[in-house]
Structures are given as C-alpha cells and as structure tokens.
Amino acid sequence: MTGTANGRGGTAAAPWRGEPGDTDTLLGRPAVGYLDEAAETLAAVKREILRKLAPEPGHRMLDVGCGNGTDVLELAGRVAPSGEAVGVDVNERAIEEALARSAGTGVPAAFATANAYALPFPDGRFDACRAERIVQHLADPVGAISEMVRVTRPGGRVLVADPDHGMWAPDLDDREAVRTVLTWWFDNIRNPWIGRRLPGLLRAAGLAEVQVTMMPVVLDGIAAADSLTGFGDAVRRAGELGVLPGARARALTRQIAAREADGGFLMFGAMIIAEGRKEG
Ligand SMILES: C[S@@+](CC[C@H](N)C(=O)[O-])C[C@H]1O[C@@H](n2cnc3c(N)ncnc32)[C@H](O)[C@@H]1O
C-alpha cells in the first residue's frame, strides 16, 4: 500500500487505493465482500440509477468499473433476450468474480478486463454507459468520461455516480475533531469532492441535457458507518497516527459508543448521480 502524508504529524496507510488495479482490498477487507455490503447499503441509489438508464429489451449497456458485476447482471436481465450488458473492470479478480456469478444465469452479460481510459469497444457501441463509484479514484476523470462518451451512440445516455466525501455528517459533538478526521480520512481518496464536479465534467465532455440528482446515504449505526466508510477505524487510527491527539481520538471513540448505546449512532452523506445525453 502507498502512504499518504497527512500533514498532521504522521503518514496514514491509504484505506482506498487510487490507482487502477489496486482494489483487491478495500478498507482492509477483500474487495468482493466490501462491494457486496456496499451494494446493500446503496440499494436505493442503484435502483435510481437503473430507473434513469431505463434499460429495455434489445439495449446494449456498459458498466465501467463493474466490480463484482452486480449491476451488469441486473441490466442484463432487463435487456434480454436480444440486448447485452457488458461490464469492464481493470481488476482481473473482480472480472473473475463477475464471470463466476454470471455463469448459468442465462442472461446476456459479458465481462472483460479493461481500463476505463481505453475501452476496447468501437465508437457508438452502446445505448447507455454507467460508472458508479469509480471516477472518485481516477487520476484522469476527464479521460475516463470522454471514453464513456465515445463508446455511447449519438442519442444515448452516459451516467456517472459518485459520493461527495465532503458531505459526511456523523452525529458527534466535537466538531473540530470530527472535521479533522473526516478531512484526513477522505483525502486518501484521489478525488474526494468529485460528486459536486460531475455535472460540470459531463457538460465539458459535450453531453447535453445534463441532470444531477443527489441521493441520501443514511448509515444508521456504527456498523453501517464502518462498513461503508471505515469511520470508526478512522477515528482510532487518527489517534494512533497523531492526526488527532490520542486522548481526543479516544474521547471521540467513546462518544461513538455512547451514541450507539443511546438510540444509535447516525452518519449521513450523499451520492451524486449525473447523467447526460450524447448529441448527434
Ligand atoms: C468502489 S468499486 C465500485 C464497483 C461497482 N461499480 C459497484 O458499484 O459495486 C470501484 C471499481 O472501479 C474499478 N476501477 C478502478 N480504476 C479503474 C480503471 N482505471 N478502469 C476500470 N476500472 C477501474 C475498481 O477495480 C473497482 O472494481
């Protein structure tokens, strides 16, 4: 793992890897399990993305950074029997997992190991293209979005969804300490504020009728917050690494536990869904 200088007296091991292919583990857990849990937590977001893409039988759909292939299989069921849903991911293990899950399902799903910056498809191949929670990690979001636009047919839709990590709001009293932990933890992600940039990026990529939707992400309980964001761990590590004075981090950890005992710790944030139509 690479280290990220945090500028507060220590170097934090990055919990999220920002480079393509570095995603075998996420928050210290195997990526396969992490993505399945995240898919449950973000089920409403995924449903909304599906609704916006409006897949119909015969459509050809692409999911860039498809991970375990969950969304591709869902799309494939909608575009069957004559259409096709394709998932690509730079991570070979993710593609192996997706292929294993699609085997025997009978739905028209295909998967390939490929980089978002160089999609192995001709221009205009797809009716719609989606990318969920990948652009936040990319060094070149513009390059990836341009590729999505290229492989989408004129009139087709391009949809990008990412969190905005500047919006996490945990229910704790020590605002200064919370702000310090959140900034340090989520700055490990290459583009932590990408959510608010997405509509502008889609317009700059030449898409028309760009729409933006903000979906709440409600993490009800420390288990849910830890599962998606590793927040409890972030507080502990902030104390260990000197991002926060140890006593202050321990006090924050105690307050999380107290909140949890007293009706439940809550943390919320947002996913931003931006979509547009390719002109022509
Ligand atoms: C947080 S996961 C999201 C996976 C999936 N979209 C989902 O919603 O479950 C991000 C995915 O993007 C993939 N990824 C990262 N950089 C990539 C790149 N340059 N090209 C293709 N995939 C990439 C990772 O391997 C990982 O599977």
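**Entry 1: charges over rings**

I began with Arg125, which lies over the face of Phe126, at 5.5 Å from the ring centre. I counted a charge as over a ring if NZ of Lys or CZ of Arg is within 6 Å of the ring centre and within 35 degrees of the ring normal. I then looked up Arg196: its charged end sits over the ring of Trp193, 4.0 Å from the centre.

A note on the source: this is a predicted model, where local features need pLDDT of at least 70, side-chain atom pairs count only at pLDDT 80 or more, and totals for chains, interfaces and linings use all residues. Residues are numbered from 1 along each chain as its sequence is written, and side-chain values use heavy atoms, with hydrogens and water left out.

**Entry 2: aromatic pairs**

I searched the whole structure and found four aromatic pairs. Rings of Phe, Tyr and Trp (its six-membered ring) pair if their centres lie within 6.5 Å; planes under 30 degrees apart are stacked, over 60 edge-to-face, and the rest tilted. The ring centres of Trp168 and Phe186 are 6.0 Å apart and the planes are at 20 degrees, so this pair is stacked. Trp168 lies in the loop between β9 and β10 and Phe186 in helix α6, so the pair ties together parts that are 18 residues apart in sequence. Helices (H or I, at least four residues) and strands (E, at least two) are DSSP runs, numbered from the N terminus.

Buried means under 20% relative accessible area, exposed over 50%, and partly exposed in between (1.4 Å probe, protein chains only). I also looked up Trp184 and Trp185, a tilted pair with 5.4 Å centre to centre and 50 degrees between the planes. Both are buried.

**Entry 3: salt bridges**

How many salt bridges does the structure hold? I found 24. Each needs a side-chain nitrogen of Lys or Arg within 4 Å of a carboxyl oxygen of Asp or Glu. One of them joins Asp63 and Arg130 (3.0 Å, N to O). Asp63 is in strand β5 and Arg130 in strand β8, so the pair ties together parts that are 67 residues apart in sequence. Asp63 is buried at 1%, and Arg130 is buried at 3%.

Glu176 and Arg248 also meet in a salt bridge (3.2 Å, N to O). Glu176 lies in helix α6 and Arg248 in helix α10, so parts 72 residues apart in sequence are tied together. Arg248 counts as partly exposed, at 30% relative accessibility.

**Entry 4: Glu132**

I followed a network of salt bridges that links Lys46, Asp63, Asp71, Arg130, Glu132 and Arg133. Glu132 is found in strand β8 and is buried at 5%. The side chains of Glu132 and Arg133 form a salt bridge (2.8 Å, N to O). The side chain of Glu132 also makes a polar contact with that of Lys46 (2.9 Å). A polar contact is a pair of N or O atoms within 3.5 Å; within protein, one must be able to donate a hydrogen and the other to accept it, and residues adjacent in sequence count only if both atoms are side-chain atoms. Beyond its neighbours within four places in sequence, Glu132 is in contact with residues including Leu42, Ala161 and Met271. Contact means heavy atoms within 4.5 Å.

**Entry 5: strand β12**

Last, I checked β12 (residues 266-278), where ten of the 13 residues are buried. Twelve bridges join β11 to β12, and the two run antiparallel. Strands pair if DSSP finds at least two bridges between them. Met215 stands opposite Met271 in β12.
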